[in-house]
Amino acid sequence: MLRNTLDLLVKLWIWAIIIRALMSWFRPRTYNRTYYDVSRFLHRITEPILEPIRRYLPMGGGIDLSPLIAILLLQILWSFLAPFVP
């Protein structure tokens with residue numbers, strides 16, 4: 001049960017990172033309250049993992065690779081930890 005819950009949380013975190021990255025590409029031309037509320041929520045839950053990566057990862061030609069690195073790190077970490085979770 002704990003393993004399933006943690007697996008779900010990791011997957012939700014990965015999807016939040018993906019959605020945040022996609023939303024950064026498509027910004028509305030006019031003010032959209034829902035867009036900015038969702039964007040702010042995703043920023044709050046994903047920034048704890050993305051910000052430390054950005055500190056050590058140089059910007060590659062204006063492209064932020066921290067979401068890709070974060071997703072890879074989360075998947076690798078979970079694949080090592082999952083067998084030890086009851």
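Q: Which helix gives the largest share of the lining of the largest pocket?
A: In this predicted model, the largest share of that lining comes from α2, which supplies 7 residues.

Q: What volume does the largest pocket have?
A: The volume of the largest pocket is about 360 Å³. Its lining consists of 17 residues, and those closest to the centre are Arg20, Ala21, Ser24, Trp25 and Arg27.

Q: And which elements give two or more residues to the lining?
A: Those elements are α1 and α2. Sorted by class, the lining of the largest pocket has 10 nonpolar, 3 polar and 4 charged residues.

Q: OK, how do α1 and α2 pack, at what angle?
A: Helix α1 and helix α2, the latter spanning residues 33-56, pack at an angle of about 110°, and their axes lie 9 Å apart. Because angles of 65 to 115 degrees count as roughly perpendicular, α1 is roughly perpendicular to α2. The crossing of these two helices is left-handed.

Q: Which residues make that contact?
A: From α1 they include Trp13, Ile17 and Met23, while α2 contributes, among them, Tyr35, Leu42 and Arg54. By class, the contact of α1 with α2 has 11 nonpolar, 4 polar and 3 charged residues.

Q: Switching topic, how do the axes of α1 and α3 cross?
A: The axes of α1 (residues 2-25) and α3 (residues 66-81) come within 10 Å and cross at roughly 170°, so α1 is roughly antiparallel to α3.

Q: Which residues meet there?
A: Among them are Leu6, Val10 and Ile14 in α1, and Ala70, Leu74 and Trp78 in α3. The residues of this contact divide into 12 nonpolar, 1 polar and 2 charged.

Terms used
Residues are numbered from 1 along each chain as its sequence is written. This is a predicted model: local features need pLDDT of at least 70, side-chain atom pairs count only at pLDDT 80 or more; totals for chains, interfaces and linings use all residues. Side-chain values use heavy atoms; hydrogens and water are left out. Axes are lines fitted to C-alpha atoms, for helices over the stretch in contact, and angles run from 0 to 180 degrees between N-to-C directions. Helices (H or I, at least four residues) and strands (E, at least two) are DSSP runs, numbered from the N terminus. Angles under 35 degrees count as roughly parallel, over 145 as roughly antiparallel, 65 to 115 as roughly perpendicular and the rest as oblique. Contact means heavy atoms within 4.5 Å. Ala, Val, Leu, Ile, Met, Phe, Trp, Tyr, Cys and Pro count as nonpolar, Asp, Glu, Lys and Arg as charged, and the others, Gly among them, as polar. A crossing is left-handed if the near helix is turned anticlockwise from the far one by less than a right angle, and right-handed if clockwise. On a 1 Å grid over the protein atoms alone, a cavity is a set of points where a 1.4 Å probe fits but cannot get out, and a pocket is an open set with protein on both sides within 12 Å along at least five of seven lines; lining residues have an atom within 4 Å of a point. Grid points are joined across faces, edges and corners, and a volume is the space filled by probe spheres set on the points.
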